[in-house]
Amino acid sequence: MLDLSDDAKVIASQFHSLTTMTFQMIDARPSDRYQAALDELVENKMLMWEPFNQFGGLVYKKVPDVDYAPYLKWFWENPDKGKFPMTTPIEK
């Protein structure tokens with residue numbers, strides 16, 4: 001298990017069962033805290049991303065060779081670490 005921030009570990013635990021996570025960037029975007037954790041996972045080659053739409057949307061994808069199970073186990077032992085907002089509304 002890589003030495004990641006607690007926020008990045010929370011998101012990594014979600015990818016134990018997810019293959020993708022899409023942010024359309026129409027009504028909401030990742031919260032600053034959530035985005036920082038996503039960026040950390042990309043930097044550590046635990047997630048890949050690709051563009052989704054003309055609004056700047058992104059699709060994050062799990063990396064096939066990464067074992068996300070230890071992060072899920074960590075999250076089961078530290079459930080309070082996941083209590084932060086995933087998205088922030090986009091003001092129009």
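Modeller: Let us begin with β3 (residues 47-51) and β4, which pair in the antiparallel sense over 5 bridges. This is a predicted model, where local features need pLDDT of at least 70, side-chain atom pairs count only at pLDDT 80 or more, and totals for chains, interfaces and linings use all residues. Residues are numbered from 1 along each chain as its sequence is written, and side-chain values use heavy atoms, with hydrogens and water left out.

Colleague: What makes β3 and β4 a pair?

Modeller: Two strands pair if DSSP finds at least two bridges between them. β3 and β4 have 5 bridges, so they pair under that rule. In β4, K62 is the bridge partner of L47.

Colleague: What sits between β3 and β4 in their hairpin?

Modeller: There are 6 residues between the strands, and G56 takes a positive phi near 90 degrees.

Colleague: Which other strand pairs with β4?

Modeller: Strand β1 (residues 20-23) pairs with β4 (residues 58-62) in the antiparallel sense, over 4 bridges. T20 has K61 as its bridge partner in β4.

Colleague: How many helices and strands does the protein have?

Modeller: It has 3 helices and 5 strands, in the order α-β-β-α-β-β-α-β. Helices (H or I, at least four residues) and strands (E, at least two) are DSSP runs, numbered from the N terminus.
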